[in-house]
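Hi everyone, thanks for coming. Let me put the structure up on the screen, and then we can walk through it together.

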Amino acid sequence: MTDSSPAGQILARFRLAWPGFELDVDLTLPGRGVTALFGHSGSGKTTCLRCVAGLERAGESHLEVNGERWQDSAAGLFVPAHRRALGYVFQEASLFPHLSARRNLEYGLRRVRAAQRRVDWDHVVKLLGIEHLLERLPGTLSGGERQRVGIARALLTSPRLLLMDEPLAALDLKRKNEILPYLERLREELDIPVLYVSHSPDEVARLADHVVLLDQGRVVAQGGLRETLARLDLPTALGEDAGVVVESVVAEHDDAYHLTRLTFPGGEVLVARRPEAPGQRLRFRVHARDVSLALTRAEGSSITNLLPARVEALAAADTPAHVLVRLDAGGTPLLARITRRSADQLGLAPGLPLWAQIKAVALLG
Amino acid sequence: MPLSVHDIAAIRLTLELASLTTLLLLLIGTPIAWWLARTRSRLKGPVGAIVALPLVLPPTVLGFYLLVTMGPHGPVGQFTQSLGLGTLPFTFAGLVVGSVFYSMPFVVQPLQNAFEAIGERPLEVAATLRAGPWDTFFSVVLPLAKPGFVTASILGFAHTVGEFGVVLMIGGNIPGVTRTVSVQIFDHVEAMEYAQAHWLAGGMVVFSFFVLLALYSSRRFKPGFN
C-alpha cells in the first residue's frame with residue numbers, strides 16, 4: 001500500500017470477462033460523500049462493488065482509495081479482502097447466526113487495531129437505534145433490525161470506504177422507510193465515503209451526491225447527482241423514471257392552506273405541509289412525466305407550480321411517441337417528457353422561453 | 001458375572017480403538033472435507049471417490065491391501081521397519097490405521113455436507129470484517145458446522161465399533177491387542193458359547209440403537225444463515 005494517487009479520490013479500473021458477461025469500468029470518484037452505482041440488474045454494479053472489496057478478482061485491475069493502493073494487476077498487487085480497510089453491507093444482512101447482535105458487532109471491531117479505531121461504539125449503536133437489540137440473536141430480529149445491525153457492524157471496523165450492496169432491496173417499503181433516515185444520518189454524521197449499489201432511482205436521488213450509471217458492464221455516465229440525472233443522453237433505459245433532483249430550502253409554511261414553500265435557484269414550489277423547519281434543506285424529485293409545457297402562463301388552471309424556463313435541448317424518449325425536453329429553469333435543470341405531437345405544435349426549439357407546469361413533486365426526506 | 005475377563009478386555013479395546021480413530025479422523029478428515037467442499041479442481045471427483053471406496057468395498061479387500069502394504073515387504077512396512085518400528089499388522093497401531101481408512105467416509109461426508117451448507121457468504125462477511133482465512137475457519141466455519149462435527153463423530157465412532165472384516169485381516173485375534181468385541185463374538189460363536197455371544201451381541205444392538213437415536217434426535221434444529 002503506497003501513496004501514489006491524489007488523496008480524496010477513488011480510482012477504480014476493472015476489466016473481467018465471464019461467459020455471457022463482461023465488466024469494463026474506469027471510475028474516478030470523489031473520496032467523500034455517497035456515490036451511487038446505479039443500473040438495472042445485470043448491469044454489473046454488484047460485480048463492480050465486489051471487485052472493489054476484493055471478493056471478486058478481475059483480470060485487469062487497478063484500485064486506489066484515498067491514496068492507498070489496494071490493487072494493481074500490472075504490479076501484481078492484490079491486497080486480500082480482509083486486509084482492506086473497508087466495510088461491506090450485503091443485501092441480506094448476513095449476520096452470523098451463532099452470535100448475538102453484540103457479538104456480531106464485536107466481531108469486526110475486535111479485529112481492528114485499537115489505534116485504528118475511529119468510530120465510536122456508542123455513537124454507531126445510537127445512530128442506528130439498536131441499543132435495545134444487542135443481546136438478541138439474529139434469528140429473533142426483523143429484517144430491518146438485522147440490516148441496521150449489519151450496517152453498524154460494518155461501520156465499527158472504522159472503514160476508509162463503506163460499500164453497500166442494495167442494502168434495502170430485500171426489505172418491504174415499510175422497513176425501507178425505517179432504514180432510510182438512518183442512512184441519511186450516516187451520510188451527515190460520519191465522514192466515510194460510501195459506494196452505494198442500487199437500482200432504485202428514488203433511493204439514489206435521496207442518498208447520493210454522485211452517480212455512476214452502469215449498463216451491461218460499462219459506465220454510461222458518471223458525475224454529480226443533479227447534472228447526471230438531468231442528462232438527455234442517458235439510456236432511455238430510465239424511461240418512465242427519467243427526472244431530475246432539486247436541492248431546495250424550506251422557505252415558509254402556509255398554515256391556512258397547509259402548504260410549505262420550497263425555494264431553489266430559479267424558482268419555488270408549493271408542497272403539502274412539511275414537518276421541517278424553515279431554513280432546512282430538502283431534496284425533491286421531479287419526474288419528466290410530471291412536467292408539462294405551455295407557451296404562456298396558464299390562467300384558470302389547478303396547477304400551482306409554474307416555473308419560467310427555457311428549452312435547452314430535445315432528445316428521443318423511451319417510446320417513439322414521446323420526446324424528452326431539457327429545460328433550464330433559472331439555473332435548475334428540468335426534464336419534461338411530452339408527446340412528439342405536442343412538441344411540434346408548440347414549435348419547441350432550443351432557446352424558446354416557456355412555462356413548465358409541475359404536476360407532482362416527490363419529496364425525498 | 002456374564003462377561004468374562006476377555007470380554008471386558010475386548011470391550012475396552014474396542015472403545016479405545018474407536019475413540020482414537022474418531023479423534024484422528026476429525027483431524028485428518030476436516031481438511032479433506034474442507035478441500036472437497038471448496039475446491040473447483042478436477043481432482044475433486046477422484047478424491048471424493050477414493051474417500052468413499054470403503055462404503056462399497058468388502059472390508060476384506062481393504063484389509064488385504066493394507067496387510068500387503070504394511071507387511072514386511074510392502075512399502076509402508078519397509079518404511080516403518082527402517083524407522084525401527086517393526087511392522088504394523090497384528091498390532092494395535094495397525095488396527096488404528098486400518099480403522100481410519102475404513103471409517104473415513106463416515107466422517108468426511110457429513111463434514112463436507114456441513115461445509116457446503118455454510119456457503120460462500122459467511123466467509124465473505126468474515127473477510128470484510130478483517131478475519132483472515134484461519135481466523136474465519138475457527139470463528140465462523142467451526143461453530144456453523146458444529147452439527148456436522150457431531151454427526152461425523154458419532155458415525156465415525158459407531159462405524160469403528162462395528163468393524164469386523166478389516167480387524168480380522170490386519171489385526172488377527174490377539175487378546176487385549178487386536179481382539180475387539182466383534183471378533184470376540186465371532187470367537188464365542190465358533191466355540192458354541194451362545195450365552196456369552198448373546199451378552200455381547202445384545203450389548204452391541206443396544207449401543208448402536210442409542211447412538212443412532214442420539215444422531216437422529218440431534219438433527220431437529222438447524223440455524224439458518226441470515
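Helices (H or I, at least four residues) and strands (E, at least two) are DSSP runs, numbered from the N terminus.

Before going on, a word on the model: it is predicted, so local features need pLDDT of at least 70 and side-chain atom pairs count only at pLDDT 80 or more, while totals for chains, interfaces and linings use all residues. Residues are numbered from 1 along each chain as its sequence is written, with chains lettered from A and ligands numbered from 1 in the order in which they are written.

Back to chain B: B:Ala145 sits in the loop between helix 7 (133–144) and helix 8 (146–161). Is B:Ala145 buried or exposed? It counts as buried because it has 26 C-beta neighbours inside 10 Å; the cut-offs are 20 or more for buried, 12 or fewer for exposed, and partly exposed in between, with C-beta atoms placed from the backbone. Beyond four places in sequence, B:Ala145 is in contact with B:Leu111, B:Ala114, B:Phe115 and B:Ile118, contact being C-beta atoms, placed from the backbone, within 7 Å.

Finally, the two chains meet: 21 residues of chain A are in contact with 17 residues of chain B. On the chain A side, strand 7 (86–89) and helix 2 (101–109) each give two or more residues, and strand 7 gives the most, with three.
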